Amino acid sequence: MFWKWKKAITFEKWLDNILKNFNLEAVAFNFNIYENENGYSTELVATSSFDKDNDDWACDEIYASRNDNNEFKFTADNWENALALVQNNISNYLDNGNYSAKLKNVNAVACGFTDGDLTLILKNKN
(Lines give C-alpha, C1' and ligand atoms only; values in the text may rest on other atoms or scores of the structure.)
Protein backbone atom coordinates (compact mmCIF):
# COMPACT_ATOMS: atom_id res chain seq x y z
CA MET A 1 0.00 0.00 0.00
CA PHE A 2 1.47 3.34 -1.00
CA TRP A 3 -0.91 5.65 0.87
CA LYS A 4 -3.36 5.90 3.71
CA TRP A 5 -5.80 8.55 4.82
CA LYS A 6 -5.08 10.16 8.15
CA LYS A 7 -8.75 10.72 8.93
CA ALA A 8 -11.72 8.43 8.81
CA ILE A 9 -13.42 10.87 6.43
CA THR A 10 -13.11 9.98 2.78
CA PHE A 11 -12.01 12.36 0.05
CA GLU A 12 -15.57 12.26 -1.31
CA LYS A 13 -17.13 13.24 2.03
CA TRP A 14 -14.52 15.98 2.51
CA LEU A 15 -15.33 17.44 -0.89
CA ASP A 16 -19.09 17.01 -0.36
CA ASN A 17 -18.82 19.07 2.82
CA ILE A 18 -17.23 21.93 0.90
CA LEU A 19 -19.33 21.82 -2.26
CA LYS A 20 -22.78 21.27 -0.75
CA ASN A 21 -23.06 24.95 0.25
CA PHE A 22 -20.63 26.38 -2.32
CA ASN A 23 -22.37 29.16 -4.26
CA LEU A 24 -19.61 31.45 -5.55
CA GLU A 25 -19.23 32.16 -9.27
CA ALA A 26 -16.04 30.19 -9.87
CA VAL A 27 -14.42 30.03 -13.30
CA ALA A 28 -12.16 27.09 -12.37
CA PHE A 29 -11.11 24.87 -9.47
CA ASN A 30 -7.67 23.73 -8.42
CA PHE A 31 -6.72 21.14 -5.83
CA ASN A 32 -3.47 22.31 -4.26
CA ILE A 33 -1.29 19.57 -2.81
CA TYR A 34 1.48 20.29 -0.35
CA GLU A 35 3.66 18.50 2.13
CA ASN A 36 2.97 18.92 5.83
CA GLU A 37 4.74 17.68 8.94
CA ASN A 38 3.06 14.26 8.77
CA GLY A 39 2.55 13.66 5.07
CA TYR A 40 0.47 15.59 2.55
CA SER A 41 -2.55 17.88 2.45
CA THR A 42 -4.97 18.85 -0.27
CA GLU A 43 -7.05 22.00 -0.37
CA LEU A 44 -9.72 23.14 -2.79
CA VAL A 45 -9.30 26.53 -4.43
CA ALA A 46 -11.92 28.26 -6.57
CA THR A 47 -10.67 30.92 -8.96
CA SER A 48 -11.97 33.88 -10.89
CA SER A 49 -9.97 33.07 -14.02
CA PHE A 50 -8.58 30.25 -16.14
CA ASP A 51 -5.81 30.32 -18.75
CA LYS A 52 -4.77 27.02 -20.33
CA ASP A 53 -1.39 28.53 -21.22
CA ASN A 54 -0.52 30.03 -17.83
CA ASP A 55 -0.86 28.18 -14.52
CA ASP A 56 -0.97 31.50 -12.64
CA TRP A 57 -4.78 31.41 -13.01
CA ALA A 58 -4.76 29.22 -9.90
CA CYS A 59 -3.59 32.24 -7.87
CA ASP A 60 -6.75 34.25 -8.65
CA GLU A 61 -8.49 32.79 -5.60
CA ILE A 62 -12.05 33.63 -4.67
CA TYR A 63 -12.18 30.74 -2.19
CA ALA A 64 -9.66 28.46 -0.51
CA SER A 65 -10.63 25.70 1.91
CA ARG A 66 -7.46 26.38 3.93
CA ASN A 67 -9.08 29.61 5.11
CA ASP A 68 -11.64 27.40 6.88
CA ASN A 69 -8.88 25.10 8.19
CA ASN A 70 -10.34 22.48 5.91
CA GLU A 71 -7.57 20.52 4.24
CA PHE A 72 -7.63 16.82 3.47
CA LYS A 73 -4.61 15.16 5.09
CA PHE A 74 -3.11 11.85 4.02
CA THR A 75 0.18 10.00 3.76
CA ALA A 76 1.95 8.61 0.70
CA ASP A 77 5.36 7.04 0.06
CA ASN A 78 6.44 9.90 -2.20
CA TRP A 79 5.17 12.94 -4.04
CA GLU A 80 4.43 11.01 -7.25
CA ASN A 81 2.10 8.66 -5.39
CA ALA A 82 0.50 11.61 -3.57
CA LEU A 83 -0.20 13.35 -6.88
CA ALA A 84 -1.56 10.17 -8.48
CA LEU A 85 -3.84 9.55 -5.52
CA VAL A 86 -5.32 13.05 -5.61
CA GLN A 87 -5.78 12.90 -9.39
CA ASN A 88 -7.55 9.56 -9.08
CA ASN A 89 -9.84 10.84 -6.33
CA ILE A 90 -10.76 13.93 -8.34
CA SER A 91 -11.55 11.81 -11.42
CA ASN A 92 -13.68 9.45 -9.33
CA TYR A 93 -15.52 12.40 -7.79
CA LEU A 94 -16.18 13.91 -11.21
CA ASP A 95 -17.71 10.57 -12.27
CA ASN A 96 -19.65 9.75 -9.09
CA GLY A 97 -19.61 12.64 -6.62
CA ASN A 98 -22.79 14.06 -5.13
CA TYR A 99 -21.90 17.61 -6.18
CA SER A 100 -19.79 16.83 -9.24
CA ALA A 101 -21.95 19.14 -11.37
CA LYS A 102 -20.49 22.12 -9.50
CA LEU A 103 -17.03 21.05 -10.67
CA LYS A 104 -18.14 20.12 -14.19
CA ASN A 105 -19.81 23.49 -14.81
CA VAL A 106 -16.58 25.52 -14.71
CA ASN A 107 -13.94 25.99 -17.38
CA ALA A 108 -11.41 23.65 -15.78
CA VAL A 109 -10.49 21.47 -12.82
CA ALA A 110 -6.80 20.94 -12.09
CA CYS A 111 -4.48 19.72 -9.38
CA GLY A 112 -0.83 19.99 -8.54
CA PHE A 113 1.71 20.78 -5.89
CA THR A 114 1.77 24.41 -4.83
CA ASP A 115 5.35 24.74 -6.09
CA GLY A 116 4.92 22.76 -9.31
CA ASP A 117 3.02 22.42 -12.55
CA LEU A 118 -0.73 21.90 -12.70
CA THR A 119 -2.39 18.91 -14.34
CA LEU A 120 -5.76 19.51 -15.97
CA ILE A 121 -8.27 16.87 -14.94
CA LEU A 122 -11.21 18.49 -16.74
CA LYS A 123 -11.24 21.22 -19.38
CA ASN A 124 -14.51 22.56 -20.77
CA LYS A 125 -13.51 25.84 -22.41
CA ASN A 126 -10.52 28.03 -23.41
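In which helix does asparagine 89 lie? Asparagine 89 belongs to helix α2, which covers residues 79–96. The legends below describe a predicted model, in which local features need pLDDT of at least 70, side-chain atom pairs count only at pLDDT 80 or more, and totals for chains, interfaces and linings use all residues. Residues are numbered from 1 along each chain as its sequence is written, and side-chain values use heavy atoms, with hydrogens and water left out.

**Figure 1. Overview of the protein chain.** The protein chain contains three helices and seven strands; helices (H or I, at least four residues) and strands (E, at least two) are DSSP runs, numbered from the N terminus. Their order along the sequence is β-α-β-β-β-β-α-α-β-β. The C-alpha trace spans about 35 × 30 × 25 Å along its principal axes. For 126 residues, a compact globule would have a radius of gyration near 14 Å, and the 13 Å of the protein chain agrees with this. That radius is taken over C-alpha atoms, and the globule rule is 2.2 Å times the number of residues to the power 0.38. Buried residues account for 44% of the 126 residues, where buried means under 20% relative accessible area, exposed over 50%, and partly exposed in between (1.4 Å probe, protein chains only).

**Figure 2. The aromatic pair of phenylalanine 11 and phenylalanine 31.** A search of the whole structure finds 11 aromatic pairs. Rings of Phe, Tyr and Trp (its six-membered ring) pair if their centres lie within 6.5 Å; planes under 30 degrees apart count as stacked, over 60 as edge-to-face and the rest as tilted. Phenylalanine 11 and phenylalanine 31 form a tilted pair, with 6.0 Å from centre to centre and 35° between the planes. Because phenylalanine 11 is part of helix α1 (residues 11–19) and phenylalanine 31 is part of strand β2 (residues 28–36), the pair ties together parts that are 20 residues apart in sequence. Both phenylalanine 11 and phenylalanine 31 are buried.

**Figure 3. The aromatic pair of tryptophan 14 and phenylalanine 72.** The ring centres of tryptophan 14 and phenylalanine 72 are 5.7 Å apart and their planes are at 50°, so this pair is tilted. Tryptophan 14 in helix α1 and phenylalanine 72 in strand β5 (residues 72–76) are 58 residues apart, and their pair links distant parts of the chain. Tryptophan 14 and phenylalanine 72 are buried. Ring pairs join Phe11, Trp14, Phe31 and Phe72 into a cluster.

Figure 4. Leaving aside residues up to four places away in sequence, asparagine 30 touches several residues, among them Glu43, Trp57, Cys111 and Leu118; a contact means heavy atoms within 4.5 Å. Asparagine 30 and alanine 108 are 78 residues apart in sequence, and their C-alpha atoms are 8.3 Å apart in space.

**Figure 5. Asparagine 89 and leucine 85 in helix α2.** Asparagine 89 is buried, because its relative accessible area is 16%. Along the chain, asparagine 89 and threonine 10 are 79 residues apart, whereas 9.7 Å separates their C-alpha atoms. Leucine 85 is also part of helix α2 and is buried, with a relative accessible area of 5%. From leucine 85 to phenylalanine 74, the C-alpha to C-alpha distance is 9.8 Å, and the two residues are 11 residues apart in sequence.
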